[in-house]
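Here's a quick briefing for anyone meeting this protein for the first time. Have a look at the model first, then read on.

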Amino acid sequence: MSHEEAQGAIDDGDTDGDKLIDFGDFVRLMSRDKNEEDEDIKAAFGMFELEKGSGRITPKSLQRELSRLGDVKSREECEDMIRVFDTDGNGEIDFHEFHQMMA
């Protein structure tokens, strides 16, 4: 997802036109239809995948995408972030782990 696509997603959820998702906007987004939610989670996961369709988020791919979004993190910081949700201990986030993290 490009920066423009991410901004478009924010704009879609932004009800007061301030270009931000406030708590009310967030609650509305979280209460949407389950199928739409699953599609959004799949799209978000796809943003962070190492290679599209690989089914895994690595520290390298997390670092790359966060940097593209303007949130520069070190490799070690990305490893720490993944470690929190990596239930199988392989150093990567698969879709199941990502879905659990987003729930």
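What follows is a short tour, from the overall build down to a few residues.

This is a predicted model, where local features need pLDDT of at least 70, side-chain atom pairs count only at pLDDT 80 or more, and totals for chains, interfaces and linings use all residues. Residues are numbered from 1 along each chain as its sequence is written, and side-chain values use heavy atoms, with hydrogens and water left out. In brief, you're looking at a protein with six helices and zero strands.

**Overall build**
- Along the sequence the pattern reads α-α-α-α-α-α; helices (H or I, at least four residues) and strands (E, at least two) are DSSP runs, numbered from the N terminus.
- The C-alpha trace spans about 40 × 30 × 25 Å along its principal axes.
- Of the contacts (heavy atoms within 4.5 Å) with a separation of 6 or more, 29% involve residues 24 or more positions apart.

**Surface and charge**
- Out of 103 residues, 24% are buried; buried means under 20% relative accessible area, exposed over 50%, and partly exposed in between, with a 1.4 Å probe and protein chains only.
- The protein exposes about 6,800 Å², and carbon and sulfur atoms supply 55% of that; the areas come from the Shrake-Rupley method with a 1.4 Å probe.
- There are 13 positive and 28 negative side chains, and the centres of the two sets sit 4 Å apart. Here Lys and Arg count as positive and Asp and Glu as negative, leaving out His and the chain ends, and each charge is placed at NZ of Lys, CZ of Arg, CG of Asp or CD of Glu.

**Aromatic rings**
- The structure holds two aromatic pairs; rings of Phe, Tyr and Trp (its six-membered ring) pair if their centres lie within 6.5 Å, with planes under 30 degrees apart called stacked, over 60 edge-to-face and the rest tilted.
- F45 and F95 make an edge-to-face pair, because their ring centres are 5.4 Å apart and their planes stand at 90 degrees.
- That pair ties together distant parts of the chain, 50 residues apart: F45 belongs to helix α3 (residues 34-48) and F95 to helix α6 (residues 95-102).
- F45 is buried, at 5% relative accessibility, while F95 is partly exposed at 30%.

**A look at R75**
- R75 sits in helix α5 (residues 75-85) and is partly exposed, with a relative accessible area of 37%.
- Setting aside neighbours within four places in sequence, R75 is in contact with P59, K60 and Q63.
- From R75 to D12 is 63 residues in sequence and 32 Å in space, C-alpha to C-alpha.
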